[in-house]
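Thanks for coming, everyone. Please bring up the sequence and the model, and I will walk you through it.

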Amino acid sequence: MHRPVLENEAVAALAVKAGGLYVDGTFGRGGHSLAILAKLGPHGRLIALDRDPEAEAAALAIGDPRFSFVRTRFSDLSALPPQVDGMLFDLGVSSPQLDEPRRGFSFRADGPLDMRMDPASGPSAAEWLATAEQQQIAEVIRDYGEERFAQQIAATIVAARRREPIVRTRQLADLVAQAVRTREPGQDPATRTFQALRIHLNRELEEVSLMLPQAVERLREGGRLAVISFHSLEDRIVKRFLQALARPEVPRRLPLRASEMPQPLVRIVGRAQRASPQEITRNPRARSATLRVAERTAVPYTRIEPGARWRN
């Protein structure tokens, strides 16, 4: 059974109450959910979310009356109760998705070039690469993969698709290897390109930006929000959002009494946590994981408008 990254740390960060109501916003294959259920008493409740149909199938096998599952994106929290005691989000792709070649997320085994977390929603990676402009491909690979050879990779892809459709993960990985002249030791040349396409196709950064204010809105006083991210783009959004709510901006040159000062909606709990060397040895995918935690204060919620300064 797959053991999720930072399982003990993430569940401990929620400070689970026996009779509380909790949300696992990224069910995956249920590792975090099972750990939370183990902490809950008979009157506790856990709601899990995921857009992957295979995650839904795994959720149906749990069979615990305290547990329920909603098939949805984690950017849509409208199905949740108005107040919960804690929410956990493990961002990015899950290990079962990476390990299954037919899902097309990984270059390590050949499979159809798909990369969709919900295979019934939106274009596949193959479909997008078949029609996207060269400059658009370059921008996605540069912005979401932080790839310095983005222009060369995009040009190679466009030249190759004139000869034949790019429909397999191995095809794409080989093309990237042709275009990338050098790479950090131990990293496959295709790593950044596959990450970039996956993030773009699944709108992962937008999903995170939409989820965060909804999650804070639904936390009751003292409720905890725990977010695990796996790359700098996600973590930057989470970090800036939590910092902005924990240290609200004070208007310049405006005389305010202490009682009139903006009060924080959350307090940040501890420092960012990362996987231990022992966990990284057991699971190398844990090496880039970062856990950030915040606790809701008693300050009434003020809706955060689009374009607020915490956005990436």
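**Confidence first**

The protein has an average pLDDT of 90, and 91% of the residues score at least 70. pLDDT is the predictor's confidence in each residue, on a scale from 0 to 100. This is a predicted model, so local features need pLDDT of at least 70, side-chain atom pairs count only at pLDDT 80 or more, and totals for chains, interfaces and linings use all residues. Residues are numbered from 1 along each chain as its sequence is written, and side-chain values use heavy atoms, with hydrogens and water left out.

Where is confidence lowest, and where is it highest? Helix H4, residues 95–99, has the lowest mean, 75. Strand E1, residues 21–24, has the highest, at 98. Helices (H or I, at least four residues) and strands (E, at least two) are DSSP runs, numbered from the N terminus. Residues 306–312 stay under 50 in pLDDT. For that stretch the model has 18 contacts beyond four places in sequence. Contact means heavy atoms within 4.5 Å.

**The cores**

Now the inside. A nonpolar core is a set of buried Ala, Val, Leu, Ile, Met, Phe, Trp, Tyr and Cys residues joined through side-chain atoms within 4.5 Å. Buried means under 20% relative accessible area, exposed means over 50%, and partly exposed is in between (1.4 Å probe, protein chains only).

The largest nonpolar core has 34 residues, and Ile-137 and Leu-172 touch the most other members. H5, H6, H7, H8 and H9 are the elements that give two or more residues to this core. H7 gives the most, with six residues.

What does Ile-137 touch, residues up to four places away not counted? The list is Trp-128, Leu-129, Ala-132, Ala-154, Ile-157, Val-158 and Arg-161. There is also a second, separate core of 31 residues, and Leu-49, Leu-77, Phe-89 and Leu-205 are among them.

Take H9. This helix is mostly covered, with eight of its 11 residues buried. Those are Thr-193, Phe-194, Gln-195, Ala-196, Leu-197, Arg-198, Ile-199 and Leu-201. The buried residues of H9 pack against helix H5 (125–131), H6, H7, helix H8 (169–179) and H10.

Next, H2, residues 31–39. Here Gly-31, His-32, Ser-33, Ala-35, Ile-36 and Leu-37 are buried. Their packing partners are helix H1 (7–13), E1, strand E2 (45–50), E3, E4 and strand E5 (219–229).

**Positive phi**

Most residues other than glycine have a negative phi. Two residues here are worth a look. Arg-203 follows H9, and its phi is positive, near 50°. Arg-203 sits in the loop between helix H9 (191–201) and helix H10 (204–218). With a relative accessible area of 37%, Arg-203 is partly exposed.

Glu-146 also has a positive phi, near 50°. Its loop runs between helix H6 (134–145) and helix H7 (150–163). Why is Glu-146 classed as partly exposed? Because its relative accessible area is 39%.

Start with Thr-297, in the segment after strand E8 (290–296). Thr-297 counts as buried because its relative accessibility is 18%. A polar atom of its side chain lies 2.7 Å from the backbone oxygen of Pro-264. Beyond neighbours within four places in sequence, Thr-297 is in contact with Glu-221, Pro-264, Leu-265, Val-266 and Arg-267.

Pro-82 lies in the loop between strand E3 (67–71) and strand E4 (84–90). Buried or exposed? Pro-82 is exposed, because its relative accessible area is 66%. Setting aside neighbours within four places in sequence, Pro-82 is in contact with Glu-217 and Arg-218. Pro-82 and Arg-162 are 80 residues apart in sequence, and their C-alpha atoms are 52 Å apart.

Pro-123 is in the loop between H4 and H5. At 39% relative accessibility, Pro-123 counts as partly exposed. With neighbours within four places in sequence left aside, its contacts are Arg-116 and Leu-201.

**The cavity**

Last item. How many cavities of 30 Å³ or more does the structure hold? One. The largest cavity has a volume of about 40 Å³. Its lining is Arg-51, Phe-74, Leu-91, Gly-92, Met-117, Glu-204, Val-208 and Glu-234. On a 1 Å grid over the protein atoms alone, a cavity is a set of points where a 1.4 Å probe fits but cannot get out, and lining residues have an atom within 4 Å of a point. Grid points are joined across faces, edges and corners, and a volume is the space filled by probe spheres set on the points.

Key:
A polar contact is a pair of N or O atoms within 3.5 Å; within protein, one must be able to donate a hydrogen and the other to accept it, and residues adjacent in sequence count only if both atoms are side-chain atoms. On a 1 Å grid over the protein atoms alone, a cavity is a set of points where a 1.4 Å probe fits but cannot get out, and a pocket is an open set with protein on both sides within 12 Å along at least five of seven lines; lining residues have an atom within 4 Å of a point.
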